Amino acid sequence: MAQLLQNPFSVNKSPLQDRIPPISSVKTLQWRPLKPSQKLRNNNIFAVVEMGKSPAFDPEIVITNENSNGAIVKKISAMPPPVIEVDSVTEADLKENGFRSTRRTKLVCTIGPSSCGFEQLEALAMGGMNVARINMCHGTRDWHRNVIRSIRKLNEEKGFAVAIMMDTEGSEGSLIHMADFEGATSEDGEVWTFSVRAFNGSLPPHTIQVNYDGFAEDVKVGDELVVDGGMVRFEVIEKQGPDVKCQCTDPGLLLPRANLTFWRQGRLVRERNAMLPTISSKDWLDIDFGIAEGVDFIAISFVKSAEVIKHLKSYIAARSRDSDIGVIAKIESIDSLKNLEDIIKSSDGAMVARGDLGAQIPLEQVPSVQQHVVQLCRQLNKPVIVASQLLESMIEYPIPTRAEVADVTEAVRQRADALMLSGESAMGQFPEKALAVLRSVSLRIEYWCREEKKHESMYLPDIATSLSDSVSEAICNSAAHMANNLEVDAIFVYTRQGSMGSLLSRCRPDCPIFAFTSSTSVRRRMNLQWGLIPFRLDLSDDMESNINRTFALLKARGMIKSGDLVIAVSDMLQSIQVMKVP
């Protein structure tokens, strides 16, 4: 029967002809409706086409005997042609500039008032956004739901694989409400009131409401209040019951829900609020919301221990058995650093939240901590995001400072999986330009590192816990080593759950990694990992068939060409194949 679907055939002209699969070994073809009462008469074979009422209905080939009245001998469903899903930006880059032009560092954009419209989201996706972050510190759940559904629509209609990361608020002290939701500017010498009291109606001018009751008791006159990692600083000058009067010493922009810490004689004060659970009651409601909406990642703020991550992962597994949501640990407190390795091992990835982290450790320690977290995540095979204040000046200005470009460059040279825009894309005036800066700097520095061999080799310890995992790990390490030595054009990895794609990403090979999976959700999750170009393709258990179909489909779209050298690996058949595209 397989022979019946191989070659083109000649038939009498029919409006249905173009919709019928190729058929050979057929002596006569007639186009007529099938009647169940009709019977066989002799042994010559011909075909009758049966169509459904809907124009989108797939035709069926009904093999019968010639001169019969249409009785069925065999019915073959006409299979739709195989398709491969890849976003248009990657496809255009490969067609125009070749394999080496592809960006390896992934880009995360925080979505806010400046970027929440469908056209704005599409512009960010076209500009290279791999992951959209929604911050539960701001906005309502209905607002976030609309953003999530817009991104899903964008993926479905435009072929993108933009993942969604939901960021929880956490239970550390915050500025939870101000008279102006968009924030306010504090000038040098101004006196502001930080209060824990409940207000009826709008807040008085120059008043900020703090969200934990012990604030007025914990703080003392002379303490320094640090807002949003040092964006604004105040000195406590007077306490009046639930109100704390503070004078601005470092002016800047005050934003709603910004993190608040206070220092005494040069040391961070561990207020009672720091003893609260990492995941607050509001966070649990937000997590339920994220599970219901099918987000791809949940980022947990102010993680103190690995137990928090384990508890959340078991909760997600119980509430959503069919969902595969990754848990990202935000490294932004002293407690996180004390238990860093255990936290990263338990999580599905980490974020270096440098703004809040810089409010709890000396500023000069932030760069070394960032590098340590990036290296540890790579060793443990966990994606890592470098976040906070990458291009802070672009909230207001169309170009970054040269120091900011140098900061981005260092993160790319450290080979972090992803860089993240926060206020720049959420509330800034130039979100698309900020993303374009990240993209262009990443491309340039990656190219320079490859050409000049500037990247440092890193010892990657064995992380497998079973024989099968050890084999996969060895295959991926060998494939990446071979790819660099042979200067292949790309590595093709066929993976159902994304595990071998992740192992290859960990090796940071010079060539791009084409990761093929049959799962839409796995494709989105792989979009956070360094160097992976995720495709969705229906995979079979036959490795040779997968490779041949991939070559045919990518060649037809102009994304590869005959003679390209590739290495193919798969978690379905643990082997390495080196081949040229036919």
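Where is the place of Glu332? In this predicted model, Glu332 is found in the loop that runs between β20 (326–331) and α7 (334–338). The residue counts as buried because its relative accessibility is 1%, where the cut-off for burial is under 20%. When neighbours within four places in sequence are left aside, the residues in contact with Glu332 are Ser301, Phe302, Ala353, Asp356, Leu357 and Gln360.

The largest pocket holds about 1100 Å³ of space, and among the 46 residues that line it, Asn135, His138, Asp228, Leu255 and Gly423 are the closest to its centre. Two or more lining residues are given to the largest pocket by each of β7 (131–135), α3 (141–158), β16 (252–254), β21 (349–353), α9 (354–357) and α12 (423–426). Divided by class, this lining comprises 18 nonpolar, 17 polar and 11 charged residues.

For the second largest pocket, the volume is about 680 Å³, and the lining is made up of 27 residues, with Asn381, Lys382, Gly498, Ser499 and Ser502 lying nearest the centre. The elements that supply two or more residues to the lining of the second largest pocket are α14 (467–486), α15 (499–507) and α16 (520–526). By class, the lining of the second largest pocket consists of 10 nonpolar, 10 polar and seven charged residues.

Key. Residues numbered from 1 in each chain as written. Predicted model: local features only at pLDDT ≥ 70, side-chain atom pairs only at ≥ 80, totals over all residues. Heavy atoms only, no water. Helix = DSSP H or I, 4+ residues; strand = E, 2+ residues; numbered from the N terminus. Buried < 20%, exposed > 50% of the residue type's maximum accessible area, 1.4 Å probe, protein only. Contact = heavy atoms within 4.5 Å. 1 Å grid on protein atoms, 1.4 Å probe; cavity = no way out; pocket = protein on both sides within 12 Å on 5 of 7 lines; lining within 4 Å. Points joined across faces, edges and corners; volume = space filled by probe spheres on them. Nonpolar A, V, L, I, M, F, W, Y, C, P; charged D, E, K, R; others polar.
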